[in-house]
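Hi,

Here is the structure I promised to send over. Have a look at it first, and then read on for what turned up.

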Amino acid sequence: MSRKVVAVILASGKGERLNQNIAKQFIKIAGKTIVEHTLDTFERHDGVDEIIIVINPDYRNTMEEILLKASYKKVTKLLNGGQTRRQSSSIGVNAVNDDAAKVLIHDAVRPFISAEIIQECIDALDKHHAVDVAIPATDTVLRVNDASCIASIPERKYMMQGQTPQAFRAGIIKRAHSLAESDRNENVTDDCGLILHYKLSEIFVVRGSTENIKITYLEDIVYADKLFQLRKIHHENRLTPERLEGKVLVVFGASRGIGKSIVEIAGLYGAKVHGFSRSDKVDVADYATVERALEQVSRLEGKIDYVVNTAAVLRMGKLETRDLADLHEEIAINYMGSVNVIKASVPHLKKTRGCILLFTSSSYTRGRALYSSYSSTKAAIVNLVQALAEELLPDAVRINTINPERTSTPMRWEAFGKEPEETLLQPDKVAISSLTTLLSDITGQVVYITRE
C-alpha cells in the first residue's frame with residue numbers, strides 16, 4: 001500500500017525544565033542544533049516525502065535561518081505552534097492536505113531516531129490506522145495515590161515506555177483532534193492517547209530503541225553528546241557503476257590492503273583512480289609530498305572528486321618502554337597524515353563539491369592496553385571528522401570515516417599473526433562500502449562495516 005508520507009516535527013517547546021536561555025531544540029550538540037540532527041534523519045529517509053515543522057513563534061527566525069543554511073529539500077511548511085503540545089500537533093496534522101497520507105509525528109528533541117524505526121512505522125501503517133513506538137519498561141512501575149502511597153504495582157511484562165514518532169493515517173488523527181477541540185474535559189498528553197481516549201482505533205506498537213532519548217534535562221545534554229560521539233551507521237552496499245564513471249579518485253595508502261582494493265574496484269566501475277603510498281615516495285606524514293601528489297592529479301585530470309586515506313601503522317608496546325621516535329612516527333602517520341590529506345584536498349574538493357574518506361578502528365571507543373598510541377589516534381580521527389563536517393558544510397565538502405571490523409589485511413597479519421579467515425572481513429567488502437559512502441550524501445558519520 002503506497003501512500004504519501006509526511007513527517008510532522010514538533011519543535012514548539014520552550015525548554016523551561018532545562019533552565020537555559022534558549023529552547024532545548026536549538027542547543028548545539030556535535031556541531032549542530034538538536035532539531036537539525038532530527039531533521040537530517042527524516043530528510044535522508046527515502047520513504048519520507050514531506051516534512052512539516054511546527055515551531056514556537058518566538059524562534060521562527062532562528063528556524064528560518066537553519067533552513068536557509070542547510071537547504072532541506074523536503075521541508076514544505078513552517079507553522080507557528082499553539083500553547084500546548086496537543087494544539088501544536090493539531091496544527092501540524094491539519095496542514096496535511098491528503099487524508100489518505102501516512103503521518104509521522106515526532107518530537108524535535110529526540111535526535112537519535114533511527115531510519116529503521118521510521119521505516120517500521122511507515123510499513124505498519126499499511127495494516128494499522130495508528131502506530132506508537134515504545135520500549136519495554138526495565139524498572140518496576142508504581143501506581144500511586146494522591147497521598148503518594150503505592151496503590152498498585154502493574155505486572156512489568158505489560159509495561160512499556162512510549163517514544164516517538166507516533167504514526168497515523170491522516171484522516172483518523174485529524175478526527176481525533178477535531179473531537180478534542182470540542183471536548184472541555186480532554187486532558188490527553190499525546191496523539192496516541194487521543195486515539196485511545198475516543199476509541200477510534202487499535203494502536204499497534206513498534207519496538208523503539210534505548211538510544212531514542214528525549215532531551216529534557218541538563219544531564220540529557222551530556223549523555224546525548226556522548227551518544228553522538230559514539231554514534232554509528234550502517235548502510236547497504238548499493239554501488240551503482242554509472243555514478244563512479246569518470247569520477248576522479250585519489251587514494252593514499254594504496255599499495256596494499258583496503259586501499260589497494262578500493263583502487264581496483266573503483267577502476268572496474270569506471271573511475272579514474274590514482275593511488276599513492278610510501279612505495280611511491282608519497283608519505284602522508286609529509287604535507288609537501290601529499291600536496292604535490294594531489295596537484296599532479298589535478299593537472300592531469302582537471303579535477304578531483306574524492307580523496308581517501310587508508311594509510312596507517314599499528315604498533316604494540318607499553319607506552320613507558322616504547323621508543324619516543326617510534327611513537328612520533330605512529331602519530332605522524334595515523335593522525336597528522338589525515339590532517340595533511342584533508343588540508344591539501346579541500347581546495348580541490350571545493351570545486352567539485354566532493355568527499356573525503358578516512359579510516360578509524362573499533363578501538364576509538366575505548367583505549368586498548370599495549371595499543372594506547374594507535375587507539376588514541378583513531379579516536380582523534382573520529383573527532384576530526386565530526387568537527388570538520390561542520391566546518392566544510394558551507395563549501396558542500398563531505399567527510400566521513402569508515403570503521404571496519406577486523407579485516408584480513410597485511411597490517412593485521414603483521415600485528416596479530418594468523419587468524420581464522422572466516423572471522424575476518426575481506427578487503428573487497430570494505431572497499432565497496434567505502435565507495436558507497438563516497439557516493440552518499442552523508443557527512444560527519446562513522447560508518448560501521450561488519451561481516452554480516
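In this predicted model, K102, L104 and H106 point one way from β6, while V103, I105 and D107 point the other way, and all of them are buried. With 6 of its 6 residues buried, β6 (residues 102-107) is largely enclosed by the rest of the structure.

So who sits beside β6? Strand β1 (residues 5-11) pairs with β6 in the parallel sense, over 6 bridges, and there A7 stands opposite L104. The pairing of β6 with β10 is antiparallel and has 4 bridges. In β10, R169 is the bridge partner of K102, and F168 stands opposite V103.

Zooming out, these strands belong to an open sheet of 7 strands with mixed pairing, in the order β5-β4-β1-β6-β10-β7-β11. The edges are β5 (75-80) and β11 (204-207); each has a single partner strand, so one side of each is left without a neighbour in the sheet. On average, neighbouring strands here are turned by 25 degrees against each other, direction ignored. Helix α4 (residues 115-124) packs on this sheet and touches β1, β6, β7 (130-136), β10 and β11, with its direction at about 155 degrees to that of β11. Helix α5 (residues 170-181) packs on the sheet too, touching β6 and β10, and its direction makes about 110 degrees with that of β10.

There is also an open sheet of 6 strands, this one with parallel pairing, in the order β13-β12-β14-β15-β16-β17. Helix α11 (residues 324-352) lies across β12 (248-252), β14 (306-309), β15 (355-359) and β16, and runs at about 175 degrees to β14.

Last, something on the surface: L142, V144, I150 and I153 form a nonpolar patch there, with about 370 Å² of accessible area together. Of these, I153 lies in the loop between β9 (150-152) and β10 (160-169). Why does I153 count as exposed? Because its relative accessibility is 52%, and the cut-off for exposed is over 50%.

Cheers

How values were computed. Residues are numbered from 1 along each chain as its sequence is written. This is a predicted model: local features need pLDDT of at least 70, side-chain atom pairs count only at pLDDT 80 or more; totals for chains, interfaces and linings use all residues. Side-chain values use heavy atoms; hydrogens and water are left out. Patches are made of residues with over 30% relative accessible area and no salt bridge: like charges are joined within 9 Å, nonpolar side chains (Val, Leu, Ile, Met, Phe, Trp, Tyr) within 5 Å. Accessible areas come from the Shrake-Rupley method with a 1.4 Å probe; for residues, only the protein chains shown count as cover. A salt bridge is a side-chain nitrogen of Lys or Arg within 4 Å of a carboxyl oxygen of Asp or Glu. Helices (H or I, at least four residues) and strands (E, at least two) are DSSP runs, numbered from the N terminus. Buried means under 20% relative accessible area, exposed over 50%, partly exposed in between (1.4 Å probe, protein chains only). Two strands pair if DSSP finds at least two bridges between them. Contact means heavy atoms within 4.5 Å. Axes are lines fitted to C-alpha atoms, for helices over the stretch in contact, and angles run from 0 to 180 degrees between N-to-C directions.
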